[in-house]
Amino acid sequence: MSEEKQAQRQFMVQRIYTKDVSFEAPNTPKMFQENWSPQINVGLGTEVTRIDAENIELVLKVSVEAKHDEKTVFLVEVKQAALFLVQGFGEEETDALMGVAAPNVVFPYAREVVSDLVTRGSFPQFILQPVNFEAIYTQQRQAKTAQAESGAAH
């Protein structure tokens, strides 16, 4: 029986797509004339939505803001998404797949969109560094556990 259950387990990418894109460079063309070394802030987040019993959407939200002397050089916001077929996994396993494996699949696409937008804005190439989604997932799980324990104590 467990072999039969194992055979039914599937985690497959159905589709990868860009859901939303925004690029702003509010201080151009003046910014091109300045000698600047921007401070860059990168934000990451995920949103998981169960579409039906077998299909789950993951949206990876990436924002990159470059500032120089409190002025925005550029701001990129990308929502890169994928639809996954998930069958035969328990709730905890599915949670881990959507917290680690799914973002690892989607991240290279988001990185490419960010890099392309920055380059099209006539700025030097920007490449997002690799992200350890397993470490982020573990930290989030630990924070939820700690929060649940402190809530139960009161």
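Helix α3 (residues 91-120) lies across β1, β2, β3 and β4 (71-87) and runs at about 140° to β4. Contact here denotes heavy atoms within 4.5 Å; axes are lines fitted to C-alpha atoms, for helices over the stretch in contact, and angles run from 0 to 180 degrees between N-to-C directions. Helices (H or I, at least four residues) and strands (E, at least two) are DSSP runs numbered from the N terminus. The model is predicted, with local features requiring pLDDT of at least 70 and side-chain atom pairs counting only at pLDDT 80 or more, whereas totals for chains, interfaces and linings use all residues. Residues are numbered from 1 along each chain as its sequence is written, and side-chain values use heavy atoms, with hydrogens and water left out.

The four strands form an open sheet in the order β1-β4-β3-β2, with antiparallel pairing; two strands are taken to pair if DSSP finds at least two bridges between them. Strands β1 (10-24) and β2 (39-50) are the edges, each pairing on one side only. On average, neighbouring strands of this sheet are turned by 15° against each other, direction ignored.

Strand β4 pairs with β1 in the antiparallel sense over 13 bridges, and Q80 in β4 is the bridge partner of T18. The antiparallel pairing of β4 with β3 comprises 14 bridges, and L83 in β4 stands opposite E57. In the hairpin of β3 and β4, two residues lie between the strands, and D69 takes a positive phi near 50°. Because 12 of the 17 residues of β4 are buried, this strand is largely enclosed by the rest of the structure; buried means under 20% relative accessible area (1.4 Å probe, protein chains only). Strand β3 (residues 55-68) is joined to β2 by 12 bridges, the two running antiparallel, and V64 in β3 is the bridge partner of V42.

The largest pocket has a volume of about 300 Å³. A pocket is an open set of points on a 1 Å grid over the protein atoms alone, with protein on both sides within 12 Å along at least five of seven lines, and lining residues have an atom within 4 Å of a point. Grid points are joined across faces, edges and corners, and the volume is the space filled by probe spheres set on the points. Of the 15 lining residues, T46, M98, G99, Y137 and Q140 lie nearest the centre of the largest pocket. Two or more lining residues come from each of β2, α3 and α4 (133-153), with α4 giving the most, six residues. The lining comprises eight nonpolar, four polar and three charged residues.

Methods. On a 1 Å grid over the protein atoms alone, a cavity is a set of points where a 1.4 Å probe fits but cannot get out, and a pocket is an open set with protein on both sides within 12 Å along at least five of seven lines; lining residues have an atom within 4 Å of a point. Ala, Val, Leu, Ile, Met, Phe, Trp, Tyr, Cys and Pro count as nonpolar, Asp, Glu, Lys and Arg as charged, and the others, Gly among them, as polar. Buried means under 20% relative accessible area, exposed over 50%, partly exposed in between (1.4 Å probe, protein chains only).
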